[in-house]
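Good morning, and thank you for coming.

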Amino acid sequence: MTEFSADDHHYMARALDLARHGLYSTPPNPSVGCVIVRWGQVVGEGFHGRAGGPHAEVVALEDAGHTARGATAYISLEPCSHHGRTPPCIDALVAAGVARVVVAMLDPNPRVNGSGLQQLEQAGITTAHGVLAAEAAEINRGFVQRMTNGRPWVTLKLGASLDGRTALADGTSKWITGEKARADVQRLRARASAIITGSGTVLADDPMLTVRDPDLEMRGRRPLRVVLDSHLRTPANAQVLCFANSTLILTRDAATAAADELREIGARVERIAGTASGLDLDAVLERLAALECNEVLVEAGPTLAGEFVRCGLVDEIVVYMAPVVLGHAARGLFNLPQLERMCDRCEFEWRGVEHVGDDLRLTLRPKRGAT
Ligand code: AOF
Ligand code: ZN
């Protein structure tokens with residue numbers, strides 16, 4: 001295990017801060033930050049802004065100019081060794097005469113994965129990796145998930161009353177949580193590559209599922225809206241279909257007149273295998289990974305939310321809880337088969353509790369070690 005100094009931690013923390021600037025705009029690429037340090041001074045900084053644009057190292061090296069010679073480069077992700085939309089960053093680091101490269105984590109992209117550091121070593125540059133690795137992996141949790149498991153990171157967003165209800169018995173759900181909580185959801189949407197909902201929610205709430213917050217720097221990126229719609233019930237005038245080419249409808253049979261009608265108004269309609277209870281969610285996520293979705297946000301009713309949880313496909317749950325009580329006749333958060341034994345319960349652990357306006361934001365992840 002490499003020993004890292006306090007300086008190494010300090011400069012890597014700065015590189016991670018820079019990386020976070022790209023959170024809303026870099027997908028499908030990872031968010032990466034880079035700091036160049038010479039004589040104990042920061043001489044260059046950069047972050048990756050959008051896919052197709054220059055990588056973090058290239059921006060930082062340009063910022064440093066000739067002072068990069070003999071410097072240490074702190075990068076939140078291993079520099080790339082391949083020709084993608086841009087040339088390899090290792091070439092730029094070697095050309096600039098950098099003496100040492102410290103990375104937080106290796107690039108999980110199989111086209112890189114260790115070969116970046118290896119090639120730097122071969123060029124006589126000292127390398128080290130592993131400082132603030134967990135924090136770096138958290139920033140790129142979606143990219144890591146897609147590269148290592150072939151599926152996106154799944155966040156499930158829910159709005160609930162104190163008694164865990166999401167809607168009145170008649171389906172009315174607007175609005176349980178307050179304005180601040182709804183504004184906070186915009187951040188979750190902006191980070192996502194796709195927002196998934198079910199046809200039941202489209203019919204009941206007619207949501208738009210767009211990012212409307214002008215303060216979120218998306219750089220033209222717009223999350224794909226995905227409707228899981230086994231029997232193609234999405235009406236042609238649904239708001240989720242506004243803006244052509246930004247909605248994907250997944251259904252059991254995409255070769256129907258109804259599917260063609262939706263295509264005519266600009267939706268993409270594709271077939272996905274069905275299961276007894278709906279669509280095959282593994283296949284849905286596999287398809288979205290193939291479309292380069294790193295993170296997806298599920299905003300759906302209790303049927304789809306329950307199905308994602310039952311299938312063990314949720315990486316994080318974010319519940320906005322309002323201080324209101326709706327009573328036992330109102331609808332719950334998850335429709336799940338009735339449990340016969342307590343040991344069959346779905347277990348989560350708390351990851352955060354914050355006030356958001358008048359509501360609470362509760363963040364949970366599946367309990368480690370739970371089956
Ligand atoms: C880096 N620095 O800032 C980023 C890296 O198609 P491209 O050229 O944009 O390359 C994308 C791949 O490069 C991406 O899948 C990941 O492996 C790596 N991203 N690498 O050295 C960066 N964004
Ligand atoms: Zn690169």
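A word first on conventions. This is a predicted model, in which local features need pLDDT of at least 70 and side-chain atom pairs count only at pLDDT 80 or more, while totals for chains, interfaces and linings use all residues. Residues are numbered from 1 along each chain as its sequence is written, chains are lettered from A and ligands numbered from 1 in the order in which they are written, and side-chain values use heavy atoms, with hydrogens and water left out.

Let me begin with the sheet of five strands. Helices (H or I, at least four residues) and strands (E, at least two) are DSSP runs, numbered from the N terminus, and two strands pair if DSSP finds at least two bridges between them. On that basis, 5 strands make up an open sheet of mixed pairing, in the order β2-β1-β3-β4-β5. Which strands stand at the edges? They are β2 (41-47) and β5 (126-129); each has a single partner strand, so one side of each is left without a neighbour in the sheet. On average, neighbouring strands of this sheet are turned by 15 degrees against each other, direction ignored. Within the sheet, β1 (residues 33-38) and β3 (residues 72-75) run antiparallel and are joined by 4 bridges. Cysteine 34 stands opposite isoleucine 75 of β3.

Two helices accompany this sheet. Helix α1 (residues 6-20) lies across β1, β2, β3 and β4 (100-103), and runs at about 145 degrees to β1. Helix α4 (residues 115-122) packs on the sheet, where α4 touches β4 and β5, and its direction makes about 155 degrees with that of β5. Such angles run from 0 to 180 degrees between N-to-C directions, the axes being lines fitted to C-alpha atoms, for helices over the stretch in contact; contact means heavy atoms within 4.5 Å.

Strands β9 (residues 224-228) and β10 (residues 247-251) pair in the parallel sense over 4 bridges, and arginine 225 has threonine 247 of β10 as its bridge partner. By contrast, β15 and β16 (residues 359-366) run antiparallel, joined by 8 bridges, with tryptophan 350 opposite leucine 364 in β16. These two strands form a hairpin with 2 residues between them, and glycine 357 in the turn has a positive phi of about 60 degrees.

Now to the ligand. How many residues surround ligand 1? There are 18, and the closest are Asn29, Glu57, Arg85, Thr86 and Asp107; a residue counts here if one of its heavy atoms lies within 4 Å. Oxygen atoms of ligand 1 take part in several polar contacts, that is, pairs of N or O atoms within 3.5 Å. A polar side-chain atom of glutamate 57 lies 2.5 Å from one such oxygen. A polar backbone atom of cysteine 80 is 2.9 Å from an oxygen of ligand 1, and a backbone N or O atom of threonine 86 lies 2.8 Å from an oxygen of ligand 1. The protein covers 96% of the 510 Å² of accessible area that ligand 1 has on its own, by the Shrake-Rupley method with a 1.4 Å probe.

I close with residues in the loops. Most residues other than glycine have a negative phi, and most peptide bonds are trans. Proline 27 and proline 28, however, are joined by a cis peptide bond with omega of about 10 degrees; proline 28 belongs to the loop between α1 and β1. Leucine 132, in the loop between β5 and α5 (133-139), has a positive phi of about 55 degrees although it is not a glycine.

Is leucine 132 buried or exposed? Buried means under 20% relative accessible area, exposed over 50%, and partly exposed in between, with a 1.4 Å probe and protein chains only. At 19% relative accessibility, leucine 132 therefore counts as buried. Aspartate 206, in the loop between α8 (199-205) and β9, also has a positive phi, near 50 degrees, but at 28% relative accessibility aspartate 206 counts as partly exposed.

Conventions:
A polar contact is a pair of N or O atoms within 3.5 Å; within protein, one must be able to donate a hydrogen and the other to accept it, and residues adjacent in sequence count only if both atoms are side-chain atoms.
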